[in-house]
Amino acid sequence: AMAEQNEGTKQVLEALSEINRGTSEVRSATAEMREGSIMVASEMKNLVEVTEEVRAGIGAIDEGGKSIAESARVSAELGERNRELAAKVVEQANHFKA
């Protein structure tokens, strides 16, 4: 009976040892996952910051494009006005020749 009890105790101790090893492995894996999660969160933060910088750059480009378009419109209007005035000058100059 003592031998059986000793064998049973030995089996229980071995099982507890295996449970402790498993628990240790789970703790280690959990710590690695936590570190990985922290790294992912940090990279996500960097991605958000870069996205905001890109968005701001696109906004500046858009504003620059609008400014260029407005300048082109004004330039076209001034060019047309200059053509009209040049035609009037030529017309008036022709009166002096006659």
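Visitor: How many helices and strands are there in the protein?
Guide: One helix and zero strands. Helices (H or I, at least four residues) and strands (E, at least two) are DSSP runs, numbered from the N terminus. This is a predicted model: local features need pLDDT of at least 70, side-chain atom pairs count only at pLDDT 80 or more, and totals for chains, interfaces and linings use all residues. Residues are numbered from 1 along each chain as its sequence is written, and side-chain values use heavy atoms, with hydrogens and water left out.

Visitor: What does the C-alpha trace span along its principal axes?
Guide: About 145 × 15 × 10 Å. The radius of gyration is 42 Å, while a compact globule of 98 residues would have one near 13 Å. That radius is taken over C-alpha atoms, and the globule rule is 2.2 Å times the number of residues to the power 0.38.

Visitor: What's the accessible surface of the protein?
Guide: About 8800 Å², with 62% of that belonging to carbon and sulfur atoms. Areas come from the Shrake-Rupley method with a 1.4 Å probe; for residues, only the protein chains shown count as cover.

Visitor: Which residues make the nonpolar surface patch?
Guide: V12, L13, L16 and I19, giving about 380 Å². Patches take residues with over 30% relative accessible area and no salt bridge; like charges are joined within 9 Å, nonpolar side chains (Val, Leu, Ile, Met, Phe, Trp, Tyr) within 5 Å. L13 sits in helix α1. L13 is exposed, at 54% relative accessible area.

Visitor: Switching to charges. How many positive and negative side chains are there?
Guide: 12 positive and 18 negative. The centres of the two sets lie 12 Å apart. Lys and Arg count as positive, Asp and Glu as negative; His and the chain ends are not counted. Each charge is placed at NZ of Lys, CZ of Arg, CG of Asp or CD of Glu.

Visitor: How many salt bridges does a search of the whole structure find?
Guide: Seven. A salt bridge here is a side-chain nitrogen of Lys or Arg within 4 Å of a carboxyl oxygen of Asp or Glu.

Visitor: Take E70. What is its salt-bridge partner?
Guide: R73, with the closest N and O atoms 2.4 Å apart. E70 and R73 are three residues apart in helix α1, so about one helical turn separates them. E70 is partly exposed at 39%, and R73 is partly exposed at 38%.

Visitor: What about R83, which residue does it pair with?
Guide: E80, at 3.1 Å between the closest N and O atoms. Both lie in helix α1, three residues apart, about one turn. R83 is exposed, with a relative accessible area of 52%, whereas E80 is partly exposed at 37%.

Visitor: Which residues do shared partners join into one network?
Guide: D62, E63 and K66. Within that set, D62 bridges to K66, the closest N and O atoms being 3.5 Å apart. D62 and K66 are four residues apart in helix α1 (residues 2–97), about one turn of the helix.

Visitor: Are D62 and K66 buried, exposed or partly exposed?
Guide: D62 is partly exposed at 41%. K66 is partly exposed too, at 48%.

Conventions. Buried means under 20% relative accessible area, exposed over 50%, partly exposed in between (1.4 Å probe, protein chains only).
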